[in-house]
Amino acid sequence: MWYDLKAPKIEVLILNIRSTKYALAEFIKRMERLKFLTITSYSDCPSQLHNLYLIECLSNLRTIRFEHVLVPFIQPIFALRNFRKLSLVMCEIGNALMCSITETPYILSNIRELEIDMCYDLKELPLGLCSLVNLEKLSITNCQEFDVLPKGFGCLSNLEILRLHCCTKLQELPESIGSLCNLSFIDISDCLSINVLPEEVGELCGLRVLKMDGCSGLQELPGSMSKLLQLEDVICDEETSYLWMEFKSFIPNLKINVVEDDRFESFMKIVQ
């Protein structure tokens, strides 16, 4: 029977579900070698997951991907010893990432990559996530209600890649971003509400690529941009490219790559 399945050597488990409610089977906690778990719902609305606590004892689990599910409280997962990547795609997150009494799961976490895409109820990240000091890649994309990064964002000392594509309500980057000396790639393309960048961006001594096409609200760049000596590629629209001209003499290897602005696409992002 499915509920009594014995598969101790299984390393990959892919569950495709169609019901609005789904309870993980007891056998999952016996899959001691499981490294990759993905759960995808094909229901009309996000499926509710139950019994997620069963995976908290899977010490070899490295990657979890949830797609189109209502994410339950998942804090304890972050404390799994070998956990490296969490992907949430088209999910209802609610308070799943929020801390309760303690931030210990985040402090103990070895996670390297966090991906959140098309999760339309996400408005902010909990401050506790700034304790993920081993995090190298953070991707929050197409989250239309996401409007603020925590002030303690600069505590993510090992962050190398930051993607914030099409977070249309995000208004600013936190000043603490200047502390991220390992950050080499930033994507704020189609962040329509960003109208100013903090002076502290100029402290990003390792920044090599800045993707900022579609930032229609941005009218000027801080003077500190002249200190980005490692910057190699700026991807932007034509209007923003003019703002960069005055910095070319300060940044020796800078290339400004202009992308064509699709006005209809930009309009649709505004009205969505």
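Author: The side chains of Ser47 and Ser41 make a polar contact at 2.6 Å. Keep in mind that this model is predicted.

Reader: Is Ser47 buried or exposed?

Author: The cut-off for buried is under 20% relative accessible area. Ser47 has 0%, so Ser47 is buried.

Reader: Which residues does Ser47 touch, leaving out those up to four places away in sequence?

Author: Ser41 is on that list, along with Ile17, Ser19, Thr20, His68, Val69 and Leu70.

Reader: Where does Ser47 lie?

Author: In strand β4, residues 47-50. That strand has two faces. Ser47 and Leu49 make up the covered face. Gln48 and His50 make up the uncovered one.

Reader: How do I read strand pairing, and which strands pair with β4?

Author: Strands of a sheet pair through backbone hydrogen bonds, either parallel or antiparallel. Here, strand β2 (residues 21-23) runs parallel to β4, joined by three bridges. Tyr22 has Leu49 of β4 as its bridge partner. Strand β6 (residues 69-70) also pairs with β4 in the parallel sense, over two bridges.

Reader: Now the open sheet. What is the strand order?

Author: The order is β1-β3-β5-β7-β8-β9-β10-β11-β12-β13-β14, which makes 11 strands with parallel pairing. At the edges are β1 (12-17) and β14 (255-258), each pairing on one side only. From one strand to the next, the twist averages 5°.

Reader: Next, aromatics. How many aromatic pairs does a search of the whole structure find?

Author: Two. To classify a pair, check the angle between the ring planes: over 60 degrees counts as edge-to-face. The planes of Phe78 and Phe83 stand at 90°, with ring centres 6.2 Å apart, so this pair is edge-to-face. Both Phe78 and Phe83 are buried.

Reader: And what geometry do Trp244 and Phe247 have?

Author: Edge-to-face, with 65° between the planes and 5.8 Å centre to centre.

Conventions. Residues are numbered from 1 along each chain as its sequence is written. This is a predicted model: local features need pLDDT of at least 70, side-chain atom pairs count only at pLDDT 80 or more; totals for chains, interfaces and linings use all residues. Side-chain values use heavy atoms; hydrogens and water are left out. Two strands pair if DSSP finds at least two bridges between them. Helices (H or I, at least four residues) and strands (E, at least two) are DSSP runs, numbered from the N terminus. Axes are lines fitted to C-alpha atoms, for helices over the stretch in contact, and angles run from 0 to 180 degrees between N-to-C directions. Buried means under 20% relative accessible area, exposed over 50%, partly exposed in between (1.4 Å probe, protein chains only). A polar contact is a pair of N or O atoms within 3.5 Å; within protein, one must be able to donate a hydrogen and the other to accept it, and residues adjacent in sequence count only if both atoms are side-chain atoms. Contact means heavy atoms within 4.5 Å. Rings of Phe, Tyr and Trp (its six-membered ring) pair if their centres lie within 6.5 Å; planes under 30 degrees apart count as stacked, over 60 as edge-to-face and the rest as tilted.
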